[in-house]
Amino acid sequence: MVPFPAKRRKIRHDDSGEINSENVSEPSENDVGKQPTVLPKRTQEVAESALYSGGLYNSSMFKLQIDELLAQVQLNYEKRMHGVDEVLRRLKTLIEAIEDRDMLPISDATKLLYKSHKIVVPFPDPKPDPHAAYKLAYQKPSKINVVGSYALKTMIKSDDVLSVDMVVTMPASIFQEKDFLNYRYFYKRAYYLACLAAGVQSTDHDEFTLKFTYMNGNTLHPILVARLNSKEKSDSSPLFEVHIIPAAPENLFPESKLRPTKNSIRPKQIVEKETLAATPSPFYNASLQSDCNHEPYLKLIYSCMKQASGFKDACILGRIWLRQRGFGSSISDGGFGHFEWAALSALLLKSGGPKGHGLLSPGYSSYQMFKAVVKFISTVDLASKPMVCEAPGFIPMKSDFPVFYDGHRGQNIFFKMSPWSYRLLRDEATTSVEMLNDSTFDQFEPMFIVRIAQPLQRYDYLVRVPIPIGSSRKTCCDHESHITTFSNRLFDVLREGLTDRVKLIVIMGDNISPWLTKSPCPTISEQSSVLIAVLFDPINADRLVDHGPPAEEKKKAAKFQKFWGEKAELRRFKDGSILESVVWSPGSAYTIIQDIITYLIKRHFDTDTSRNLTFIGEAFESLLPDNGQTRAFEALRQAFSSFEKHIRDLDGLPLQLRQLSATNSQLRYSHIDIPIFSPRQPLEEPADVLIQFEGSGRWPDDVFAIQRTKVAFLLKISGLLQDFDNTIKTSLGLENEDKPMENCSFLDIIYQSGASFRLRIHNEREHTLLERQVKDKVLPQHTRDEALSALSTYKRNFLQLPLHTQSVITHCTRFPFLSPAIRLVKLWFDRHMLSRHVSDELVELLVVRIFLLPYPWRAPSSAMTGFLRTLLFLSKWDWRSTPLIVDFTGAMTEEDATSIKTRLEAWRKIDPGMNRTIIVAASNHDLTGTAFTDKGPSKVVAARMTALARSACKLLKDQSLDLTPRSLFATSTADYDFVIHLAPKFTGKSTSQNSAKQKFKNLEAQSELDLELVGFSPIKWYIDELEKLYGSFIVFFHSRKADSAIAGLWNPQIASPRTFKVNLTYASKPTTDAEREEVGLDKASILAEIARLGGDMVSRIEVHR
Amino acid sequence: MSKLGDYTILPIAIPPSSAFPKPATHTLYLRPHAPKIPTDNDSRSLFVVNVPMDSTPAHFKAVFVSLIGAGRFESITFEHENRPSRAPNSEIDVAVKKGKKRKRMTNEETIEVDVELPPVWDRELRRSGSTALVVFVDQKSVELALKAVRKLHKSHAKPGKWPIWGEGVEDKVPALGSARYLTHHKMRYPGHAMLQANIDTFMTDWNKREEEKTRLTKKQRNVPDEDGFITVTRGGRTGPARIEDAEAKRLEKEEKERRKLEGLSEKPFYRFQLREIRKAEQAELVKRFEEDKARLLRMKEKRGRFKPER
């Protein structure tokens, strides 16, 4: 017995040993599972990078795209910047050769410079007192350095002239201790700059073109722009220019004196000293400090690049991101450009994180670093919570201006930003963070590629305000240009006055362009103006009453009254409260906001300015009938709900009612024309409604018989409705006479109110029956094709349309401006004669997509932005390889999106010539994406759509704010092969207009004639027949709104002669070449047929080709 | 040129209209009828190709009257008039008959069954380039007609020599243009009483057919065919189940089965399964990466948009 257990134990021992060894290996596997970034060594390199990109980047696709982007924007320094180094060296030699100038009083120094070199010293405003005690001098610079993107090699490709920054450090010896006060430093700097200009200019007159300009639009910082005049005339404009920037030596003045809370511009009158001395001059201080900090920041950024491998690429990404959003270092571009980005990132590597650590880690990938900075901008409000790094004991003040104080270098790096540009930046950053978090759709393109600077696509309403001259009251003693003072006040007034009607107010000024050295600095001319841009809050924008504080709060009430002046009134509201309030006359968001802005400018500035305001934006909505008021659809919606109630209340329906669903664009707020009806004038186009009964075995087991049985059902409903209310008129109509498998009957129901509905029965058994026929291999091919076509019509009309209608209704209520935007886009398609090819539903899907996936913007808050962004989308949409995906509920996953893409790719593989399924437009309801595009547009039409959208976007880009909206809707028929002009009698809605003119009361009752004409549309039927007869070789174009003409294009493929055979699908005639026995398309006889069919409706056929 | 292969060419002068003032000619191609399966009337029929869109018997009668005189034209059948089954139904041939015949004899009595819905157009249109079959009173007329056409070709007369389309038929056919659509608008709504009658007849007819069908299947079940086999048909004592129900049931069952299997494979039992799953996941990731790379390459080829807009 003994050996046995021993043996057994031994076995056990072995077992446990194995288990142990497995246990050892297991944790490492678990680790892999938890942290995909820690890789086991055995993994191949490919897998490594796949995992890497999955973890450190948004998705592997995103990483690949970023890599590609970085490679694309990479500047070819050798080619693009050829010769820069020589020019820089040359300039350096020139500057070093400049003779010192002795100390001179201001007046003498300027005069001398003007006499000898014709140079006007670019002193900042206020100009220096010529009798000031201090003197100006020039001495050799202590250092000449190249800084900025050129030195750091972070430049990106651009169409603009690239600039190279050359910093000339002035020697400390020309400055005095107190020079930081009262502009003394800046006067000396300006004089120094003028001397530099003189020096460069004197050597050779033709070598350089010299101009002064303000660096970043800061009037304290004039700089010299040198452009090399090329010797060969062939290449006219040089690719670069050198910015010569005079700088102060590091730490010239003590940091503590120039903190944002200190004042450096002492008032002249001693009387006011007590009140104003404490007012700080942060902008002045920061401008002075930034002159000392060119080199320190260069060093900082350089060291960060060395320290963190992703830093440089992150900076380039940031630079692209900012540029695409219109941000730049210049004050007029928002005051936050790539330099500020780099400086901010560099500082965040050292601080900003928890416990004083850096927010960023040097190990971050470029994408992570970029995202972290964007997230920082979006989440941290530096205006209400100023940030300080490395400046112990310094507590900055809260204000509207953002503060990120770099104590080590003594400068607020956000100092050039205005309150509105900072808000805009944060708003963009927030949107971008959302974009980066989107896991379903790839957001690379809106993130980096799309440029969103076009104001009409970006903002809802723009107002041009002329700058009043000289009337500015100085409110603080900081250095401010006149424009800045005006803009700041304007912003404060508008922000208080527009409250939550707007989400964003942005004020844009013009840049001051460079001026020649011999002329004085330009000042504001009479034409200069600023542009106010606002983004509506769609919910509050058209509110009629602004509520103020209650009357009891005396102080607040007084302030409110002071702000609003005579407009403020005390009102008692329904809930019993008595509030100060302002009431505006009813209108659209545009008219109300226009009233408010005009009133506020009149009250707070002057009448002249308020009279000369130009408002841009409302012209788009006014292109729509009834100015795009969604309310106009409510009457029909209400009529529909009462109709639904009637049907539900009917006793004696043969089967239990399941549901009634609307399927017409008039019932989903998206019809171009608003549905007008009155007892005298019934709704011309009855609104389609589907009725569905509970399932029953009594329906016949055959599609054909089902369609016929529907007739009996409809007759029954008609009888019941008339028993219920005999003022309701019903009539049963027939349709699809040549398609026996499709629905053959409908019931028109006309209420006495004039509302009319077209009822069809939905029977879900058709679906299975048709599917069975499609699959039945015994049936002849043409029957199966018919069944297939009937099935697709069934799916579209009975399954997709109700769902689609419901979703569009939901989103029209969610986004108040979706409805007018859809209608504008439809109008655009219609005016360009494409509405017969591009279905209503496809247009709706397009616009809904713009609202639901609005990136890089937010969801449009006006019809204009919705419309223009849809056009932009159309102009860029590559429908050949990209599906349109609309995620109505936000529940789609990446897999869904991928499967739709795969399906499109499969379509293209089957049918590379693209004869069918040109556009795939999928939604949650229809993952196949063909429900609304099965019957069009064709390739020709889709290509035309893209071409038209492109030219519209080009026009918008070229004309920008001067664009006449109507011009986007103008179309020409010159491109078509022939045009059928229709007789005026049959175009337009002449019948209804005539009847509307009669005003006799006794004719108010519904006349038989009006009722009979419900649904009468001869032109539509004419085109339908034309399409049926000739659709295989002519494409017809027609505009419903301006229906004076039908245009046609011959299919070029059948134009060439071919051998005669019996089954040609077009009328032919023998060719003149008798030998070959060929026939060709008989265009003349076809056109004559078209004329005969049209009869009295056609006035003329114009043949172009 | 008077002939194109077997076909004789007959140009028809189209009178100019105010909308299209250019005079045009329409070309008809004529040939004696010779179908693959001969019928009685072949010898006196003329096959016409490329008839105008607005052709009616009256039009063609006028054309042939002008060519060979009155009294010779009998009838014309257009391409889709003799169309095959409108209601495709694979199961039984009764259905095929229905669409074809307007008048149908049922077993005992003769009743007029109008199973088609009332027409909604007053005049049919012909597809561009379609064909027609003209029947004359005798064979001689066919030859005469072709001869007359040849003669016209030979006589180099003025352009006005060809038969004029629509001459003398204006008041014999319904007008085109707005009148046509107004009539269509009226005909679309044939009136409830008429539709009720129509649908009642249809239902009676349909029910009769269904009954017949059931009877037939019943018969098939009981009577062996000529080879002595009995066809297996649906339904027995309890009557046939609806195909949908059977299918739904089957699908449900399959689904259940599938879920059961899935449930088994979802939770791995052995460690090697876990490992395999993880491996598969990793492989999937690599595959996705490779796919993305390929997609990027394709985007690049198509000058994919990697350049920031300016």
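## Contact between the chains

In this predicted model, the contact (heavy atoms within 4.5 Å) takes 119 residues from chain A and 85 residues from chain B. The area buried between the two chains is about 8,700 Å², and carbon and sulfur atoms give 59% of that area. Buried area is the accessible area (1.4 Å probe) that two parts lose on being put together, summed over both.

Three salt bridges are counted between chain B and chain A; the term denotes a side-chain nitrogen of Lys or Arg within 4 Å of a carboxyl oxygen of Asp or Glu. Asp54(B) and Arg1092(A) form a salt bridge, with the closest N and O atoms 2.5 Å apart.

## The side of chain B that touches chain A

Several elements of chain B each supply at least two residues of this side, among them strand 2 (7-14), helix 5 (192-222) and helix 7 (271-301). Helices (H or I, at least four residues) and strands (E, at least two) are DSSP runs, numbered from the N terminus. Helix 7 of chain B gives the largest share, 16 residues.

## Annotated spans of chain A

UniProt, in an unreviewed entry, places the feature "domain: Nrap protein" at several spans of chain A, including residues 311-450 and 815-970. Residues 311-450 of chain A are 46% helix and 6% strand, with end C-alpha atoms 23 Å apart. For residues 815-970 of chain A, the values are 51% helix, 4% strand and 28 Å between the end C-alpha atoms.

## Basis of the values

Residues are numbered from 1 along each chain as its sequence is written. Local features need pLDDT of at least 70, and side-chain atom pairs count only at pLDDT 80 or more.

Key. Chains are lettered from A and ligands numbered from 1 in the order in which they are written. Side-chain values use heavy atoms; hydrogens and water are left out. UniProt positions are given in the numbering used here, feature names are shortened, and annotations may be inferred rather than shown by experiment.
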